[in-house]
Amino acid sequence: YAFYHSKQQNMNILILNLILSTPEKGVIKKRDSISDTMICSFARGFVALGHSVTIVAAEEFRPTGQLPEDVEMVFLPSRMPKVFNPSLLPWPIGLGKYLKVNSSRFQLVVSSEAFSIATLIASKYCPEKLVVWQEMAYHQRKMKKMPSKIWHNLVMRHYINKSLVVPRSERARHFIAHYSQHVTNEIVDHGADGQTLYPSEESTDSFVIVSQLIPRKNVDKMIDIFARFIANPLYAHYKLHVIGDGGLTDKIKQQIKSLGIGNNVILHGFMTHNQLASYLRNAKALLVNTSMDLNMVTIPESIISGTPVVMNTMPTTASFVSENHLGIAKDGWDESTLVDLINSYDFFHAECIKAREGLTNIGCAKKMLSIFERHSNQPG
């Protein structure tokens, strides 16, 4: 392994994260900025520690506006997009050549996911510098899971077998450990921007949903629960701030109107982190009821804002939330759960403050570097 010393400053770090945001039904939505994406926030953690970061992403995710100024962005077009869908498994043209020419100037290469063509290419050109940052905790369901099973059993076992794997959750660790002998016991979450998102000393009588307005997020079900919650006169004054956009916007507007809760539920549309931060830090809880998500970046964003989470157990961070008393994680949560959260808010809020440092982007970057340092200095 290559050696990294913690006292060394100005490391050059390469992050391979081809998919910058989660497309819905294969449609990549163009955004004006990518500064608020998970991977840019993660990269800023390294930058804050004095390092230089380059992110390689698929060209299809290039924003329409200005690129981030604090990291270098490299966008590569996708090969055979009808076969290798850029929203699922992009094949970056020119990545091999880029790594062949530039890998010597990077001391650490972090690649998102084992099931990634970028990870496979990086394992050829810089295996000793490569850290596979694993989020997936199960086989992708496409084509009856066969592509994923073949990849993990063949490609992962035999071609990406020399590189260190750092999971993003316990579920991811358990899954990928079946296919690699170099999986750390330590978890590195996505982290969130601790400078933009920070706690408030006071909360308002409100809840917040930060989500795309698409079917799998079940925002409509959460609004139904909230409607029953405010039917109790004790909580009739509570507000629900819904931040995000998507194909169900008009349907949700009609739902709010039909329930007669227009004075309590406010649809804000898409917001930047700077815009949504005050709603998040002032809420009693972030509400989550997804039917198909893994590490939702909104969860650490909420926690570092001092705001507990009411969530179901689908996201892989559910056990972390429960074990560290950062909110309530259970399936089938309802209006009585919101009451329970309110009654225990002060306790949950204090626990969020305690957990905050380790979930900021700087805290997660420190942990990633520490793991890499220890494993790099092990013989063989």
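Here is a friendly walk through this predicted model, from its overall build to a few individual residues. Residues are numbered from 1 along each chain as its sequence is written, and side-chain values use heavy atoms, with hydrogens and water left out. Because this is a prediction, local features need pLDDT of at least 70 and side-chain atom pairs count only at pLDDT 80 or more, while totals for chains, interfaces and linings use all residues.

Let's start with the whole chain. The protein chain holds 13 helices and twelve strands; these are DSSP runs numbered from the N terminus, with helices being H or I of at least four residues and strands E of at least two. Its radius of gyration, taken over C-alpha atoms, is 21 Å. The globule rule (2.2 Å times the number of residues to the power 0.38) also gives 21 Å for 380 residues, so the chain is as compact as a globular protein of that length. Along its principal axes, the C-alpha trace spans about 65 × 45 × 40 Å.

Now to the inside. Of the 380 residues, 54% count as buried, meaning under 20% relative accessible area, where exposed is over 50% and partly exposed lies in between (1.4 Å probe, protein chains only). The largest nonpolar core has 62 residues, and Ile15 and Phe42 have the most contacts inside it. Such a core is a set of buried Ala, Val, Leu, Ile, Met, Phe, Trp, Tyr and Cys residues joined through side-chain atoms within 4.5 Å. Apart from this core lies another, of 28 residues, including Phe226 and Val265.

Finally, look at some backbone angles. Most residues other than glycine have a negative phi. Glu113, however, has a positive phi of about 80° although it is not a glycine. Glu113 sits in the loop between strand 4 (108–112) and helix 3 (117–125), and is buried at a relative accessible area of 13%. Lys145 has a positive phi too, near 70°. This lysine, Lys145, lies in the loop between strand 5 and helix 4 (146–159) and counts as partly exposed, at 35% relative accessibility.
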